[in-house]
Protein chains: 2
Amino acid sequence: MSQPSDSVTAAILVIGDEILSGRTKDKNIGTIADFLTAAGIDLREVRIVPDEAAMIVEAVNVLRARYTHLFTTGGIGPTHDDITADCVAQAFGVGVDVDERARAMLLERHKPEDLNAARLRMARIPFGADLIANPVSKAPGFRIGNVHVMAGVPSIMQAMLDSIAPTLKGGTAMMSETIEAAGLPEGNYAGGLGEIAKARPAVSIGSYPAMTPEGFRNRIVVRSRDPQALAEACDAVRALLARLSA
Amino acid sequence: MSQPSDSVTAAILVIGDEILSGRTKDKNIGTIADFLTAAGIDLREVRIVPDEAAMIVEAVNVLRARYTHLFTTGGIGPTHDDITADCVAQAFGVGVDVDERARAMLLERHKPEDLNAARLRMARIPFGADLIANPVSKAPGFRIGNVHVMAGVPSIMQAMLDSIAPTLKGGTAMMSETIEAAGLPEGNYAGGLGEIAKARPAVSIGSYPAMTPEGFRNRIVVRSRDPQALAEACDAVRALLARLSA
């Protein structure tokens, strides 16, 4: 589907060796995708990279230039492989150091004598960034420019996303309707569906087969920001399915 | 961790609007990641892109140039938004048309009179590609150069991965050991862990907090292709934890 000129777009960058090794199965991409769709923001691309500075810096710079928002997850804890804050600072060409606001947040959870060098890594914030509150474990995320840096632990990521939500510029929400293909195999309606899609540039139409215990079950999803275009396309799809089922 | 010069690397490209909208939650990345780790192949990067030719072609060309193998999922069904075969052909600069071997596979499932233009899309294969068998629903995937093109439906993707496995060049398998941090907060051992990691370039060490019903539970994962380096690093980590718990 063509992008309207006022569309608000986003990318996700997942940072962490543990996702690429398969040891941890990502749950954040789906959560953020649902959140963005509800906010009328088009998620256009996702990347997963290891805990390596060159790859993180490159991905941050490519994705923040291409899209309205970039959301990162992972790499902001206290250990040596948590290098996201330093990499984001490098991508923006700014310094990074212990931030007094972030140190104060850590002191809500830790005694001053427990704030060792490792824990203070979690207060390292690029210069000029705003903090993202973390009601779960205090160590904050941050926003610099259009880049929102969040934790990788799903419960903390979700809490940070809730903190970010009111500050985000959203777009016109995408509306969608799902039509059951009612027993028709995808190959029967694919030709007609393609014609309907081709004639309607304001509408995005997808067909999604899923294996269920009863065999393949097909669903057609019609999406648009224009309610009238959506309704007309859905009518056309239903007429196609009725014709093929007759 | 530095990459040994003989390491075999891989990327995954997930293709599909339905993943980016959140409507479908990807399950293939974790499956392929586990498969590659077991085969001694380093998964270095994952990208998810929409059903748009320019983005698919760009990602295929970047990722196939950077890594030993590229695995794609999605976009090889019969509908108008299934454009992966055409995009991969474009990326390689080769033609694409209905392949007689693939047509024969489709005829194992469909009657000749049911092989309409839409279903024949599933037999469109770039010139010069080898087919990847699909025991589940017959429509094949394909391999061209170092790019392995698979279906998006997880059960079919898994079957195709099984078909590919014997043909893959693997590497020296990565070994890993997981050490429970036994109640220690990450911030207590992060400094010592960083020193252990820094002194051992052949070893990769990560610390992974997970929220459990009992609160945060930390695990340290030590990985290496060198069994002696792995054992020595694990000894050092255990000694560190014992010292801090004393």
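Reader: What should helix α9 of chain A span, and how far apart are its end C-alpha atoms?
Author: This is a predicted model. At 1.5 Å a residue, the 19 residues of α9(A), 227-245, should span 27 Å, and the end C-alpha atoms are 27 Å apart, which agrees.

Reader: Which residues of α9(A) are buried?
Author: Leu230(A), Ala233(A), Cys234(A), Ala236(A), Val237(A), Leu240(A) and Leu241(A). Down the axis of α9(A), the buried residues fall within an arc of 160°, so they line one face of the helix.

Reader: Why would such spacing make a face?
Author: An α-helix has 3.6 residues a turn, so residues three or four places apart point the same way.

Reader: And which are exposed on the other side of α9(A)?
Author: Among them are Pro227(A), Gln228(A), Asp235(A) and Arg243(A).

Reader: New topic. How many residues of chain A are in contact with chain B?
Author: 48, in contact with 48 residues of chain B. Elements of chain A that each supply at least two residues to that side include α2 (28-38), β2 (41-49) and α8 (186-198). The side divides into 20 nonpolar, 16 polar and 12 charged residues.

Reader: How do β2(A) and β2(B) run, parallel or antiparallel?
Author: Antiparallel, joined by 3 bridges. Arg47(A) has Arg47(B) as its bridge partner.

Note on methods. Residues numbered from 1 in each chain as written. Chains lettered and ligands numbered in written order. Predicted model: local features only at pLDDT ≥ 70, side-chain atom pairs only at ≥ 80, totals over all residues. Helix = DSSP H or I, 4+ residues; strand = E, 2+ residues; numbered from the N terminus. Expected span 1.5 Å × (residues − 1). Buried ≥ 20, exposed ≤ 12 C-beta atoms within 10 Å, placed from the backbone. Arc of directions from axis to C-beta. Contact = placed C-beta atoms within 7 Å. Nonpolar A, V, L, I, M, F, W, Y, C, P; charged D, E, K, R; others polar. Pairing = 2+ DSSP bridges.
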